[in-house]
Amino acid sequence: IAAGSERAVLDQIKQLWTDFAPQAPFSFSFLDEDINAQYQSEERLASVLSTFTFLSIFIACLGLLGLITYITQQRTKEIGIRKVLGATTASILALLSKDFLKLIVLALVLATPIAYYFMNQWLQDFAYSIELQWWVFALAGLAAIGIALLTVSVQSVRAALANPVNSLRSE
């Protein structure tokens, strides 16, 4: 069908249809519109999932920030003593971050096979599916570790740079 002559061709096809099968209704659709309709629901799902992913990461970061704030307040005197004894900011940052890193790595080890299984099942529903690559999960893990370290480091650096005399004065 030449561009711009769709209506005339459709009228001719409809006439032929009614000549050969008058009892059956004439209904048509264009293939590109059908394909777009199929993937429109996937695009809506992607949009909704992206929004909720951002919200969940934001809420998790707020929870992590609250947790690291609580832990640094609990360990203020320990951090002060370590600073007086010559600990560097990097060593205090490592001290406060290592427990969170262990938990994040454990979560990644547990979540990666589950995510791989469900993503593989979801991708099997498509006519042209892709194979999941290992680097996708590695990139997601590195992003999770980076976001967690950024969140933890903000409060850890603040605690590490604080004057140790103020934390030890009450003793």
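Glutamate 78 forms a salt bridge with arginine 75, and their closest N and O atoms are 2.9 Å apart; the term salt bridge stands here for a side-chain nitrogen of Lys or Arg within 4 Å of a carboxyl oxygen of Asp or Glu. The model is a predicted one, in which local features need pLDDT of at least 70 and side-chain atom pairs count only at pLDDT 80 or more, while totals for chains, interfaces and linings use all residues. Residues are numbered from 1 along each chain as its sequence is written, and side-chain values use heavy atoms, with hydrogens and water left out.

**Salt bridges**

By this rule the structure has 2 salt bridges.

| Residue | Relative accessible area | Class |
|---|---|---|
| Arginine 75 | 21% | partly exposed |
| Glutamate 78 | 25% | partly exposed |
| Arginine 82 | 37% | partly exposed |

**Contacts of leucine 168**

Leucine 168 lies in helix H6 (residues 164-168) and is partly exposed, with a relative accessible area of 24%. When neighbours within four places in sequence are left aside, leucine 168 is in contact with Lys77, Gly80, Ile81 and Val84, contact being defined as heavy atoms within 4.5 Å. The C-alpha atoms of leucine 168 and isoleucine 81 are separated by 7.6 Å, although these residues are 87 residues apart along the chain.

**Nonpolar core and surface**

The largest nonpolar core has 11 residues, among them Leu64, Ile68, Leu96, Phe100 and Val152; such a core is a set of buried Ala, Val, Leu, Ile, Met, Phe, Trp, Tyr and Cys residues joined through side-chain atoms within 4.5 Å. Helix H2 (31-74), helix H4 (89-123) and helix H5 (134-161) are the elements that give two or more residues to this core. Isoleucine 68 touches Leu96, Phe100, Thr151, Val152, Gln155 and Ser156, not counting residues up to four places away in sequence.

A nonpolar surface patch of about 740 Å² is made by Val48, Phe52, Phe54, Leu55, Phe58, Ile59 and Leu62. Patches consist of residues with over 30% relative accessible area and no salt bridge, nonpolar side chains (Val, Leu, Ile, Met, Phe, Trp, Tyr) being joined within 5 Å and like charges within 9 Å. Phenylalanine 54 is placed in helix H2, and at 59% relative accessibility phenylalanine 54 counts as exposed.

**Aromatic pairs**

The structure holds 5 aromatic pairs, where rings of Phe, Tyr and Trp (its six-membered ring) pair if their centres lie within 6.5 Å, and planes under 30 degrees apart count as stacked, over 60 as edge-to-face and the rest as tilted. Tryptophan 17 and phenylalanine 26 have ring centres 6.1 Å apart and planes at 55°, so the pair is tilted. For phenylalanine 28 and phenylalanine 30 the ring centres are 5.9 Å apart and the planes at 80°, so this pair is edge-to-face. Ring pairs link Trp17, Phe26, Phe28 and Phe30 into a cluster.

How values were computed: Buried < 20%, exposed > 50% of the residue type's maximum accessible area, 1.4 Å probe, protein only. Helix = DSSP H or I, 4+ residues; strand = E, 2+ residues; numbered from the N terminus. Areas by Shrake-Rupley, 256 points an atom, 1.4 Å probe, with all protein chains shown as cover.
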